[in-house]
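Please review the following briefing, which groups its points by topic.

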Amino acid sequence: MAHQALHDDTCVVVPLYNEATVVGDVVRDLRTSFPVVVAVDDGSTDGSAAVARAAGAVVVEHPINLGQGAALQTGIETALRLGAEYVVTFDSDGQHQRVDAEAMVARLRSGEADVVFGSRFLDARTRPGLVKRAVLRAAIVYSNATTGVHLTDTHNGLRALNRRAASTLRIRQNRMAHASEIIEQVGRARLRWVEHPVHILYTDYSRSKGQSVFNAVNILTEMIYR
Amino acid sequence: MLIKLLLLVAIAAVFVLGLRAPSGARHLALRRVTVVVAALVATLSVVFPDAWNAIAEFVGVGRGTDLLLYGLIVAFLLYMVTTYRRFRDMEQQITLLARRIAVDEAVPRPAVPPVPAEEDVTGDDQR
């Protein structure tokens, strides 16, 4: 039980791009439960990598900016090389909760599923704005129609995978279309998945970096012409 | 009019070609054949400039010049789509390269155990 309280067989992957002001706190908080945090610095120009390293993360540095999808795949491959049994993907801007990640890993440990997707729409804790809600809803409808996996929240950065699931992923969408791609590959590999209610904390900071409608157009193009 | 049908089919073909991954040898061969054919057509156009007017009349376009312009637009669309695809492929290769560098740097692979020195063995045999 002792080792389960301290998840030393779990690796938390944090894709990182110019988040120097918040990533230190995110990594320190994560490390109170998860000793191994892999921060994938995607060519940040604000010293994010140094901040993450000082906070105790294993930092993997992309020599050039490649995009969040590429950073996730790099982090997952690093986690596998480190011998992780469970891999959690966690955003670097502080919008996810460590306790949610712990609960999701617990569900993997129970053998209930190979993949646990975080969903902000399973309970009423998360309150996205109107436009954000509309864009997310459209993304959910599209993703459910094209991937064959029916989720209530398709663009949530908080996920937990066991080693088998993590090894089957091959994220090729470098930029934002990776969220749908992960779901599609999970469906195609016939992995067992469940959704877990998570709380997304929309701070002024995360809102200032939020996704615009232009991104939706870009994602759609990337999904058609891949 | 015949030209409308031809152009619509051409545009649809360009869109579909963009969806399919260009496959190595066949794609390259196609590109080369296209270049040769284009050079041939260009040569013929110089020698027989009136041919375009005849073709234009046949497909229902006013002048040969207009027909050339339509053809150029379709060719440009095709070029755009195939170039986009090639850039995507190149981006993918750069990604794999950058990832390999990043991961190797952060978590060095376990050192390969030294191969038992073969020279010693052969050396022993010779003695």
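Helix 3 and helix 4 of chain B are roughly perpendicular to each other, a label that covers angles of 65 to 115 degrees, with under 35 counted as roughly parallel, over 145 as roughly antiparallel and the rest as oblique. The model is predicted: local features need pLDDT of at least 70, side-chain atom pairs count only at pLDDT 80 or more, and totals for chains, interfaces and linings use all residues. Residues are numbered from 1 along each chain as its sequence is written, chains are lettered from A and ligands numbered from 1 in the order in which they are written, and side-chain values use heavy atoms, with hydrogens and water left out.

**Helix packing within chain B**

- The axes of helix 3 (residues 50-59) and helix 4 of chain B cross at roughly 80° and come within 7 Å; axes are lines fitted to C-alpha atoms, for helices over the stretch in contact, and angles run from 0 to 180 degrees between N-to-C directions.
- Helices (H or I, at least four residues) and strands (E, at least two) are DSSP runs, numbered from the N terminus.
- On helix 3 of chain B, the residues B:Trp52, B:Asn53, B:Ile55, B:Ala56 and B:Val59 meet B:Gly64, B:Leu67 and B:Leu68 of helix 4 of chain B, where contact means heavy atoms within 4.5 Å.
- This contact of helix 3 with helix 4 of chain B comprises 6 nonpolar, 2 polar and no charged residues; Ala, Val, Leu, Ile, Met, Phe, Trp, Tyr, Cys and Pro count as nonpolar, Asp, Glu, Lys and Arg as charged, and the others, Gly among them, as polar.

- Helix 4 (residues 68-81) of chain A and helix 4 (residues 64-106) of chain B have axes that come within 10 Å and cross at roughly 40°.
- That angle makes helix 4 of chain A oblique to helix 4 of chain B.
- Chain A contributes A:Ala70, A:Gln73, A:Thr74, A:Glu77, A:Thr78 and A:Arg81 to the contact, and chain B contributes B:Thr95, B:Arg99, B:Val103 and B:Asp104.
- By class, the contact between helix 4 of chain A and helix 4 of chain B holds 2 nonpolar, 4 polar and 4 charged residues.

**The sheet of chain A**

- Chain A has an open sheet of 7 strands in the order 3-2-1-4-6-5-7, with mixed pairing; two strands pair if DSSP finds at least two bridges between them.
- Strand 3 (58-61) and strand 7 (193-197) of chain A stand at the edges with a single partner strand each, so one side of each lacks a neighbour in the sheet.
- From one strand to the next, the twist averages 20°.
- Strand 5 (residues 115-119) and strand 7 of chain A run parallel and are joined by 5 bridges.
- A:Val116 stands opposite A:Val194 in strand 7 of chain A.
- Helix 8 (residues 178-188) of chain A lies across strand 5, strand 6 (159-162) and strand 7, running at about 140° to strand 5.

**Salt bridges and loops**

- Over all chains, 13 salt bridges are found, each a side-chain nitrogen of Lys or Arg within 4 Å of a carboxyl oxygen of Asp or Glu.
- A:Asp153 and A:Arg120 form a salt bridge through their side chains (2.6 Å, N to O).
- A:Asp153 lies in the loop between helix 6 (130-147) and strand 6 of chain A and A:Arg120 in the loop between strand 5 and helix 6, so the pair ties together parts 33 residues apart in sequence.
- A:Arg170, in the loop between helix 7 (163-168) and helix 8 of chain A, is in contact with A:Gln73, A:Glu181 and A:Gln185, leaving aside its neighbours within four places in sequence.
- A:Arg190, in the loop between helix 8 and strand 7 of chain A, has a positive phi of about 55° although it is not a glycine.
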